[in-house]
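Biologist: Can you walk me through the contacts in this one? Start with what you count as a contact.

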Amino acid sequence: MASAQEARLVQRLKDKDPAAMDELVDAYSGKIFNLSIGLLKKEEDAEDVVQDTLLQVFEKINTFREEAALSSWMYRIALNFSYMKLRKIKRDDYTPLEEYLPKFRSDGMHSMPVQNWAEKGETTLLRKELGEILKDSINSLSEKYRIVLQLRDIDGFSTEEVANITGMTVPAVKSRLHRARLFLREKISTYYRD
Amino acid sequence: MRCEDLVSIIIDYLEDSMDPAFKEEFERHMGDCSSCLAFFETYKKTRDLTKEIKCDDIPPDVQDRVRAFLKKKISQA
């Protein structure tokens, strides 16, 4: 949603315009649902997060500081509600990243030649297949990597916005994002090698 | 610059947040090292493919329940 449009929506929410709530649901329920189901895996838990988030936005709209983006504020609320639920769920099926990170010799050079699969042309079918590989790989990431990857590369927030939403520093966001991308890169590289 | 150094700062290069002196060294190394050039291009392609991922739509029945929940809560307020 463009920022002028967002500003108008904020004002209408503050004015308690009932149609504004519908617009909020249309514009953001899908994104919040995707964010939370990625963490919580269960539809009913993600639905709870969507409800709680949008209700809190409506109830606390007068506390919203308009120098920030509405979407950033909303995602922050959604993330907090998701983390509260996540504390009750024990997950141990994450993929450890270390074996997928690049390997170097003791002199700091690549330990093996690197294949440039980016040069290869893709059919629509191959591109779709690569998308599925990426989705499955993202689903196997622990939440600390998945969140920054989703917010930055899928939802399109800037690094600074991701830092603001997650409460992390910019260097910490970059570090996690970089490791997540290295993991995904290696997953695709493995596909091309096999 | 070693290959390991280049890989560790690719993200800064792509975010255009790299010191100009480092940037020059980064680009020079990529010009001299085919593996690092390949690594950079596959890293960038990975990022670009990730950006194309379309999130699944919220199921319509979930969205309907969210709407109904909010209407009820707002009317009670």
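Modeller: Two residues are in contact if their C-beta atoms, placed from the backbone, lie within 7 Å. Keep in mind that this is a predicted model.

Biologist: Fine. How many residues of chain A are in contact with chain B, and how many of chain B with chain A?

Modeller: On chain A there are 40, and they are in contact with 34 residues of chain B.

Biologist: Which elements of chain A give two or more residues to that side?

Modeller: They are α2 (18-40), α3 (43-59), α5 (124-139), α6 (143-154) and α8 (170-193) of chain A.

Biologist: And where does the largest share come from?

Modeller: From α8(A), with 8 residues.

Biologist: What's the makeup by class on the side of chain A that touches chain B?

Modeller: That side has 20 nonpolar residues, along with 12 polar and 8 charged ones.

Biologist: Switching to domains. How is chain A divided?

Modeller: Into domain 1, covering 3-86, and domain 2, covering 98-193.

Biologist: How many Å apart are their C-alpha centres?

Modeller: The centres of the two domains of chain A lie 27 Å apart. As for contacts, 9 residues of domain 1 of chain A meet 11 residues of domain 2 of chain A.

Biologist: Which elements give two or more residues to the domain 1 side?

Modeller: Those are α2 and α4 (70-86) of chain A. The largest share of that side, 5 residues, comes from α4(A).

Biologist: And the classes there?

Modeller: The side of domain 1 of chain A that touches domain 2 of chain A divides into 5 nonpolar, 2 polar and 2 charged residues.

How values were computed: Residues are numbered from 1 along each chain as its sequence is written. Chains are lettered from A and ligands numbered from 1 in the order in which they are written. This is a predicted model: local features need pLDDT of at least 70, side-chain atom pairs count only at pLDDT 80 or more; totals for chains, interfaces and linings use all residues. Helices (H or I, at least four residues) and strands (E, at least two) are DSSP runs, numbered from the N terminus. Ala, Val, Leu, Ile, Met, Phe, Trp, Tyr, Cys and Pro count as nonpolar, Asp, Glu, Lys and Arg as charged, and the others, Gly among them, as polar. Domain bounds come from an automatic or database domain assignment.
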